[in-house]
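I opened the model and kept notes as I went. Strand pairing came up first, then the sheet, the disulfide, the core and the rings.

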Amino acid sequence: QVQLVESGGGLVQPGGSLRLSCAATGSIVSIRAMAWHRQAPGKQRELVAGIYSGGATKYADSVKDRFTISRDNKNTVYLQMNSLKPEDTAVYYCNYNANTYSDRFHRHYWGQGTQVTVSS
C-alpha cells in the first residue's frame, strides 16, 4: 500500500503564494504519474497539474503560468502556487499512479486533501 500525506495548505490573500507538498510512504517500485487535483464546494474534482515518469508536465489552463509542479528523488511531489486567486480556493488532493513490491499493478492512490483558501 501507498500512503500519501499532503501539507502546505492554508489561508492566503489574493496574489499570494503557497507551496503544497505530498509525501509518499510505502514500498513503491515505480511511479508513472504524480498529480494534483482540486475540488471546490459544489464542483467536480479537476486535474490541476501532473508530472509524468519521463518528466513531462501538464497544467489546467486556469493555472498555467501561475502554478508549477515538481518532484524530488524521494517520491515527494510539490505544487508551487503563485498569484493565487479566490477561484483557486478548494481542497487540493495529490494522486500517484504507482505500483509496489506487494502489488505489481499500477494503481491510483490519493491523499486526504489539504484546504487552500484565497481570501482577503
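I looked up Ile51 and found its bridge partner in strand 6, Thr57. I take strands as DSSP runs of E with at least two residues, numbered from the N terminus. Two strands count as paired if DSSP finds at least two bridges between them. Strand 5 and strand 6 (residues 57-59) run antiparallel and are joined by three bridges. They form a hairpin with four residues between them. In that turn, Gly55 has a positive phi of about 100°.

Some notes on the source. This is a predicted model, in which local features need pLDDT of at least 70 and side-chain atom pairs count only at pLDDT 80 or more, while totals for chains, interfaces and linings use all residues. Residues are numbered from 1 along each chain as its sequence is written, and side-chain values use heavy atoms, with hydrogens and water left out.

Next I moved to the other hairpin of strand 5. Strand 4 (residues 28-39) is joined to strand 5 (residues 46-52) by six bridges, and the two run antiparallel. I found Arg38 opposite Glu46 in strand 5. This hairpin has six residues between its strands, and Gly42 takes a positive phi near 80°.

I checked strand 1 against strand 3 and noted five bridges in the antiparallel sense. Leu4 has Ala24 in strand 3 as its bridge partner.

How many disulfides are there? I count one, taking a disulfide as a pair of cysteine sulfur atoms within 2.5 Å. It joins Cys22 to Cys94, S to S 2.0 Å. Cys22 lies in strand 3 and Cys94 in strand 9, so the pair ties together parts that are 72 residues apart in sequence. The torsion about the S-S bond of Cys22 and Cys94 is about 50°, so the disulfide is right-handed. I read 0% relative accessibility for Cys22, which is buried. Cys94 is buried too, with a relative accessible area of 0%. My scale: buried is under 20% relative accessible area, exposed over 50%, partly exposed in between (1.4 Å probe, protein chains only).

I turned to the largest nonpolar core and found 31 residues. Such a core is a set of buried Ala, Val, Leu, Ile, Met, Phe, Trp, Tyr and Cys residues joined through side-chain atoms within 4.5 Å. Trp36, Val77, Leu79, Met81 and Tyr92 have the most contacts inside it. Strand 9 gives the largest share of this core, five residues.

I also checked Gln39 in strand 4. Gln39 is partly exposed at 28% relative accessible area. Its C-alpha lies 6.6 Å from that of Tyr92, 53 residues apart along the chain.

Last, the rings. A charge sits over a ring if NZ of Lys or CZ of Arg is within 6 Å of the ring centre and within 35 degrees of the ring normal. I found Arg19 over the face of Tyr78, at 4.0 Å from the ring centre. Arg45 lies over the face of Trp110, at 4.8 Å from the ring centre.
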